[in-house]
Amino acid sequence: MDTQPTASHFIDGAYVEDTTGTPIPVIYAYTGETIATVHAATPGIVEKAIASAKAAQAEWAALSGTERGRILRRAADIMRTRNHDLSVLETFDTGKPLSETIVADATSGADALEYFGGLAATLTGEHIQLGGGDFVYARREALGVCVGIGAWNYPTQIACWKAAPALACGNTMVFKPSETTPLCALKVAEILIEAGAPPGVFNVVQGMGEVGAALTTDPRVAKVSLTGSVPTGQKVYAAAAEGLRHVTMELGGKSPQVVFEDADLDDAVGGAILGNFYSSGQVCSNGTRVFVQRGLVDRFLDRLTERLGNAVMGDPMEMETTFGPMVSARQREIVEGFIAKGIEEGARLVHGGTRPDRDGFFLDPTVFADVTDEMSIARDEIFGPVMSVLTFDTEEEALRRANDTPFGLAASVFTKDLARAHRMAAGFQAGTCYINTHNLSPVEAPFGGMKMSGVGRENSKAAIEHYSQLKGVYVAMTPVEAPF
Ligand code: NDP
């Protein structure tokens with residue numbers, strides 16, 4: 001596959017290049033080779049993208065919801081038809097194994113385009129009858145130009161999760177992928193044009209944080225939706241606040257998985273594997289603090305280490321491979337720093353902890369036991385394949401400790417006790433909770449964080465509220481009564 005894109009940016013329906021922008025090499029995590037080079041957007045490119053999105057917006061919003069939805073659903077169909085090639089590109093961009101990308105990335109992007117394509121025609125305001133015959137109607141209107149800024153772990157999915165609801169509501173978008181994974185969003189832009197979206201409705205510009213910052217503060221921008229870390233979220237939220245722009249912040253987490261003694265052992269272990277080692281642990285909603293009730297800990301760790309022995313590390317393009325490299329050498333170093341801290345702070349390393357003897361940015365799936373709440377591996381987001389197992393005795397204690405974190409993205413409980421499962425779900429301070437599973441995120445369900453993990457929700461009907469605004473129109477049916 002030729003991984004070098006036609007040009008770095010996609011603006012106003014076409015590829016655009018400006019080689020005076022800083023070159024950004026795209027490195028394949030399995031080989032360390034440079035597979036493409038793009039250039040960061042210059043101020044001229046940023047201007048062109050925002051101007052194009054601004055010019056396209058009114059006409060796009062003037063289409064009926066049915067017409068906008070048809071385009072989004074057509075884009076979903078094209079994505080599904082091209083799933084194989086898009087998945088290969090996602091693997092080149094991120095290093096995630098093809099066995100994952102073929103089921104989780106373009107397919108999830110297509111789901112979002114299809115779902116919000118379907119919703120587009122159903123969007124309505126409201127009629128509010130008042131006394132005396134007067135009434136108010138509330139028009140649901142687009143916000144205008146939206147900016148999307150993505151993290152590097154799910155480049156196709158993030159672009160679609162932001163574009164689909166934004167476009168369904170009649171907004172246009174300028175999207176900046178992470179500099180680490182700049183390739184996939186360009187394909188989303190190509191596909192939307194092919195599906196019939198007018199030029200300018202979805203634009204992609206490359207670059208580092210400074211390009212994101214330039215987009216965030218442009219007076220023509222009405223909303224910023226960021227997927228990224230908490231420190232970046234704080235900066236972007238503050239910058240957006242200056243212009244009172246709407247925001248959606250999908251940020252990091254340190255999510256708990258609580259496993260009671262009565263849980264199905266294999267479901268709990270499977271949930272912990274999914275919630276810690278999928279995408280080599282580079283998932284925001286990962287359940288990295290696994291609280292296991294005391295009587296189950298030994299059996300849990302035995303079964304976990306046994307099943308980790310089945311992980312197949314290797315060429316991400318081989319379908320048997322189930323565990324790929326980390327996205328970059330830098331990210332692996334960060335994670336190794338946390339592993340060293342875990343050992344230093346006295347946690348018991350029961351699996352992994354080292355680099356395997358092979359090329360690529362691989363790191364063994366790592367499990368620490370005897371972790372305590374104050375250790376840095378139990379407090380900080382690691383964003384890599386590192387699981388911390390903590391022990392608890394009572395339900396009350398588990399819930400209190402699970403919530404004892406500034407984050408609030410996800411949480412799960414594993415138990416066969418129905419009442420306890422729902423009590424825990426109600427008690428978790430997290431935006432996305434699971435009973436007897438972890439990390440599934442279908443487009444039909446709201447996804448997002450409480451506390452420091454974010455503001456707003458992606459997916460589900462809730463996303464519509466974050467990409468549209470209501471205008472109340474008062475209609476007088478009787479003569480105006482003025483005091484003088
Ligand atoms: P970062 O926060 O480093 O970056 C996120 C994006 O913001 C990147 O595109 C980055 O550009 C850009 N950016 C950086 N600084 C600014 C700025 N001042 N203004 C505007 N944009 C800026 O996150 P990572 O890419 O390292 O992704 C990992 C993080 O993302 C983790 O914390 C993870 O939990 C979180 N995440 C959250 C998800 C969720 O839905 N809640 C899902 C996936 C990840 P560049 O990097 O190119 O410089």
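Modeller: His 9 counts as buried, at 0% relative accessibility. Buried means under 20% relative accessible area, exposed means over 50%, and partly exposed lies in between, with a 1.4 Å probe and protein chains only. This is a predicted model, in which local features need pLDDT of at least 70 and side-chain atom pairs count only at pLDDT 80 or more, whereas totals for chains, interfaces and linings use all residues. Residues are numbered from 1 along each chain as its sequence is written, and side-chain values use heavy atoms, with hydrogens and water left out.

His 9 belongs to strand β1 (residues 9-11). Helices (H or I, at least four residues) and strands (E, at least two) are DSSP runs, numbered from the N terminus. The side chain of His 9 makes a polar contact of 3.1 Å with the backbone nitrogen of Gln 206. Such a contact is a pair of N or O atoms within 3.5 Å; within protein, one must be able to donate a hydrogen and the other to accept it, and residues adjacent in sequence count only if both atoms are side-chain atoms. Leaving aside neighbours within four places in sequence, the contacts of His 9 (heavy atoms within 4.5 Å) include Tyr 15, His 39, Ile 45, Leu 186, Val 204 and Gln 206.

The nonpolar interior comes next. A nonpolar core is a set of buried Ala, Val, Leu, Ile, Met, Phe, Trp, Tyr and Cys residues joined through side-chain atoms within 4.5 Å. The largest one has 50 residues, of which Met 79, Leu 113, Phe 116, Leu 167, Met 173, Leu 192 and Phe 202 touch the most other members. Elements that each supply at least two residues of this core include α1 (43-62), α2 (65-81), α5 (106-120), α7 (184-194) and β9 (202-204). The largest share, nine residues, comes from α6. Phe 116 touches, among others, Leu 72, Ala 164, Val 443, Ser 460 and Ile 464, not counting residues up to four places away in sequence. Apart from this core lies another, of 28 residues, among them Ala 29, Met 326, Val 335 and Phe 428. In soluble globular proteins, nonpolar side chains tend to be buried together.

Ser 460, one of the residues that Phe 116 touches, lies in the loop between β19 (454-455) and α16. Ser 460 has a positive phi of about 65° although it is not a glycine, and at 5% relative accessibility it counts as buried. Ser 279 likewise has a positive phi, near 55°. Ser 279 is found in the loop between α10 (265-277) and β13 (289-293) and is buried, with a relative accessible area of 1%. Most residues other than glycine have a negative phi.

Gly 287 also lies in the loop between α10 and β13, and is buried at 0%. Gly 287 touches Ser 255, Gln 257, Gly 275, Asn 276 and His 438, not counting residues up to four places away in sequence. By contrast, Gly 133, in the loop between β5 (126-129) and β6 (135-142), is partly exposed at 32%. The C-alpha atoms of Gly 133 and Thr 478 are 7.5 Å apart, although 345 residues separate the two in sequence.

As for cysteines, the count of disulfides comes to zero, a disulfide being a pair of cysteine sulfur atoms within 2.5 Å. Cys 146 is in no disulfide, and the nearest cysteine sulfur, that of Cys 169, is 8.6 Å away. The sulfur of Cys 160 is 9.8 Å from the closest cysteine sulfur, in Cys 184, and is therefore too far for a bond. Cys 146 is buried at 0%, and Cys 160 is buried at 0% as well.

Oxygen atoms of the ligand take part in several polar pairs: one is 3.0 Å from a polar backbone atom of Gly 209, one lies 2.7 Å from a polar side-chain atom of Thr 232, and one is 2.5 Å from an N or O atom in the side chain of Glu 381. The protein covers 86% of the 910 Å² of accessible area that the ligand has on its own. Accessible areas come from the Shrake-Rupley method with a 1.4 Å probe; for residues, only the protein chains shown count as cover.
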